[in-house]
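Subject: Structure for you to look at

Hello,

Here is the structure I promised to pass on. My notes follow below it.

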Amino acid sequence: MDSPRPHERPTAFDRMLTPIHRWIWSSAERRVHKLFRFGETETDGGLDILRAAEVTPDPLLRRLYLEHAIDELRHGVMFRRRAAALLSASRSSSR
């Protein structure tokens, strides 16, 4: 199978982990937990980048850090919202 973007082809390591990935994402409970953790990681990364921007004297680099931090924080919110929606859906379907 030829991919239009060969740099996005899964590596041998990725293919080896496919059964584990399927197992992790097949459970609604694990999926919610994973998404909450992704949200946490993204938010923490955004705060770290924000701290770097505070101590960076170069204005261009500071602006780039701030843009990146905003993106990371936005990603964190997106992951947490998706996890909350899945959690809410799983609770309402179990009733």
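**Fold and shape**

From the N terminus on, the chain's elements read α-α-α-α. Helices and strands here are DSSP runs, numbered from the N terminus (H or I, at least four residues, for helices; E, at least two, for strands). The radius of gyration is 18 Å, well over the 12 Å that the globule rule gives for 95 residues, so the chain is more spread out than a compact globule. That radius is taken over C-alpha atoms, and the rule is 2.2 Å times the number of residues to the power 0.38.

This is a predicted model: local features need pLDDT of at least 70, side-chain atom pairs count only at pLDDT 80 or more, and totals for chains, interfaces and linings use all residues. Residues are numbered from 1 along each chain as its sequence is written, and side-chain values use heavy atoms, leaving out hydrogens and water.

The C-alpha atoms fill a box of roughly 50 × 45 × 20 Å along the principal axes. Of the 95 residues, 17% count as buried. Buried means under 20% relative accessible area, exposed over 50%, partly exposed in between (1.4 Å probe, protein chains only). Among contacts (heavy atoms within 4.5 Å) between residues at least 6 apart in sequence, 56% join residues at least 24 apart.

**Aromatic pairs**

The count comes to two aromatic pairs. Rings of Phe, Tyr and Trp (its six-membered ring) pair if their centres lie within 6.5 Å; planes under 30 degrees apart are stacked, over 60 edge-to-face, the rest tilted.

Trp25 and Phe38 have ring centres 6.1 Å apart and planes at 40°, so this pair is tilted. Trp25 sits in helix α2 (residues 18-26) and Phe38 in helix α3 (residues 28-55), so the pair ties together parts 13 residues apart in sequence.

Phe38 and Phe79 have ring centres 5.4 Å apart and planes at 55°, so this pair is tilted. Phe38 is in helix α3 and Phe79 in helix α4, so the pair ties together parts 41 residues apart in sequence.

Phe79 is partly exposed, at 28% relative accessible area.

**Surface patch**

Which residues form a nonpolar patch on the surface? They are Leu47, Leu50 and Leu66, with about 200 Å² of accessible area together. Leu66 lies in helix α4 (residues 59-94). Leu66 is partly exposed, at 34% relative accessible area.

Patch residues have over 30% relative accessible area and no salt bridge; like charges are joined within 9 Å, nonpolar side chains (Val, Leu, Ile, Met, Phe, Trp, Tyr) within 5 Å. A salt bridge is a side-chain nitrogen of Lys or Arg within 4 Å of a carboxyl oxygen of Asp or Glu. Areas come from the Shrake-Rupley method with a 1.4 Å probe; for residues, only the protein chains shown count as cover.

Best wishes
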